[in-house]
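Colleague: I have a model open and want to go through it with you. Can we start with the ligand and then look at the rest?

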Amino acid sequence: MDKLVVRGGKALNGTVDISGAKNAALPEMCATLLTADTVKLINVPRLHDVATMRKLLANMGVETETHGERGGMSFVAADSITPEAPYELVKTMRASILALGPLLARFGHAKVSLPGGCAIGSRPVDQHIKGLQAMGAEITVEHGYIMAKLPAGQKRLHGARIVTDMVTVTGTENFMMAAALADGVTVLENAAQEPEISDLAEMLIKMGAQIEGQGSSRITITGVAKLHGCEHAVVADRIEAGTFLCAAAATGGSVRLNHARGEHLDAVIEKLRDAGATVECGEGYISLSSPGARALTAQGFRTTEYPGFPTDMQAQFMALNVKAEGASVITETIFENRFMHVNELVRLGAKIEVDGKTA
Ligand code: UD1
């Protein structure tokens, strides 16, 4: 879709089924590279990045198939696939870097393009490279490609203690997947704690991996010789749920989100309650009702790693704040260039000033 036409002025009311999380589905699609068996994912969301990841896997020779209405997708990565991810596909989606860990762990070599530019900042992959090197990989960057292999005579990566300079979500996922098939124990310090990490760990455990500590800042993985197929349902998308909550709050509506997980959105829900919305969380749903934007008060926040306020909800909450009463201060600490929506909101009449990381 090139254009969305929105005729505003209406409260958004209704019930929505929340999809599977994009940020869980993408690493989980890459995890299917860790075995030659069939892996079936259900609740895979229908969106562009998922289609790109499917193309990336198919381009390597992975057989993929969709099943039915519930977002079913199966994958078979035979021993004969080509462990390469070309620039043409990687440049459109940074998450392609998630193929590096599993390919290297299973095939002993991989060629994955560097991601290239990105709309929300430079987003390097130095930590991914550093961590895999600690596990014994020999990595060079040649002509924009990450060339990774094992030293001569070595069949597998080895366990390592990996301490990243900052908390990285896809980095943690890459290491967890690589470590699942490595020799010995890997300890990830400063690991990301996002629910999508725990969901990927659950899937890997179903495949035979030995993982402990997912959801905390230290994850311990004991490598196994082989992983097998499994069936796994992708966790609900907390960002999609949070987006509907902000939309209903900003328009004075009321929504019920089925399959949503309130415990994954604590920081956002707290701010919505502080603003004056009524939010209820139960088994498999979140509901919100809003007294109208003018009866809400704008809320300040800082984006931080999970369980803090998610950077992926920063723009939506800012849109809510510009409709609410009062001024607020928003600080973006994860990405250096994630205020592109500000000028568009200003064009719509919002009063926002940006100074560095703060709006
Ligand atoms: C993931 C999410 C994205 C979310 C982000 C932060 C997926 C597919 N995407 O992105 O939606 O906005 O987490 O919650 O899950 N960094 C480095 N070097 C590295 C890796 C990261 O400098 O090797 C920096 C990044 O530039 C950024 C910060 O670390 O400033 C966090 O990035 P990271 O957590 O890796 O984000 P992604 O995993 O790319």
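**Ligand shell, helices and loops**

Modeller: Helix 5 contributes the most to the shell around the ligand, namely 3 residues. Keep in mind that this is a predicted model.

Colleague: Which helices each supply at least two residues of the shell?

Modeller: Those are helix 5, residues 126–134, and helix 6, residues 169–180.

Colleague: And which residues come nearest to the ligand?

Modeller: There are 19 residues around the ligand, and the nearest are Asp126, Thr168, Thr170, Asp312 and Ile334.

Colleague: What does Asp126 do there, in terms of atoms?

Modeller: A polar atom in the side chain of Asp126 is 2.7 Å from a ligand nitrogen.

Colleague: What about Ile334, which part of it faces a ligand oxygen?

Modeller: The backbone. A polar backbone atom of Ile334 lies 2.7 Å from an oxygen atom of the ligand. Asn23 uses its side chain instead: an N or O atom there is 2.9 Å from a ligand oxygen.

Colleague: How much of the ligand does the protein cover?

Modeller: The ligand has 740 Å² of accessible area on its own, and the protein covers 87% of that.

Colleague: How does the shell split by class?

Modeller: It has 8 nonpolar, 6 polar and 5 charged residues.

Colleague: Switching to helix packing. At what angle do helix 4 and helix 6 pack?

Modeller: About 15°, with the axes of helix 4 (residues 100–107) and helix 6 lying 7 Å apart. Helix 4 is therefore roughly parallel to helix 6.

Colleague: Is that crossing left-handed or right-handed?

Modeller: Right-handed, as helix 4 passes helix 6.

Colleague: Then helix 1 and helix 7: how do their axes cross?

Modeller: Helix 1 covers residues 22–31 and helix 7 covers residues 195–206; their axes come within 9 Å and cross at roughly 30°.

Colleague: Last topic, the backbone. Where is the cis peptide bond?

Modeller: Between Tyr306 and Pro307, with omega at about 10°. Pro307 sits in the loop that runs from strand 17 (301–303) to helix 10 (314–323).

Colleague: And Asn43, what is its phi?

Modeller: Near 70°, which is a positive value in a residue other than glycine. Asn43 is in a loop too, the one between strand 2 (38–42) and helix 2 (48–60).

Terms used
Residues are numbered from 1 along each chain as its sequence is written. This is a predicted model: local features need pLDDT of at least 70, side-chain atom pairs count only at pLDDT 80 or more; totals for chains, interfaces and linings use all residues. Side-chain values use heavy atoms; hydrogens and water are left out. A residue is near a molecule or strand if one of its heavy atoms lies within 4 Å of it. A polar contact is a pair of N or O atoms within 3.5 Å; within protein, one must be able to donate a hydrogen and the other to accept it, and residues adjacent in sequence count only if both atoms are side-chain atoms. Accessible areas come from the Shrake-Rupley method with a 1.4 Å probe; for residues, only the protein chains shown count as cover. Helices (H or I, at least four residues) and strands (E, at least two) are DSSP runs, numbered from the N terminus. Ala, Val, Leu, Ile, Met, Phe, Trp, Tyr, Cys and Pro count as nonpolar, Asp, Glu, Lys and Arg as charged, and the others, Gly among them, as polar. Axes are lines fitted to C-alpha atoms, for helices over the stretch in contact, and angles run from 0 to 180 degrees between N-to-C directions. Angles under 35 degrees count as roughly parallel, over 145 as roughly antiparallel, 65 to 115 as roughly perpendicular and the rest as oblique. A crossing is left-handed if the near helix is turned anticlockwise from the far one by less than a right angle, and right-handed if clockwise.
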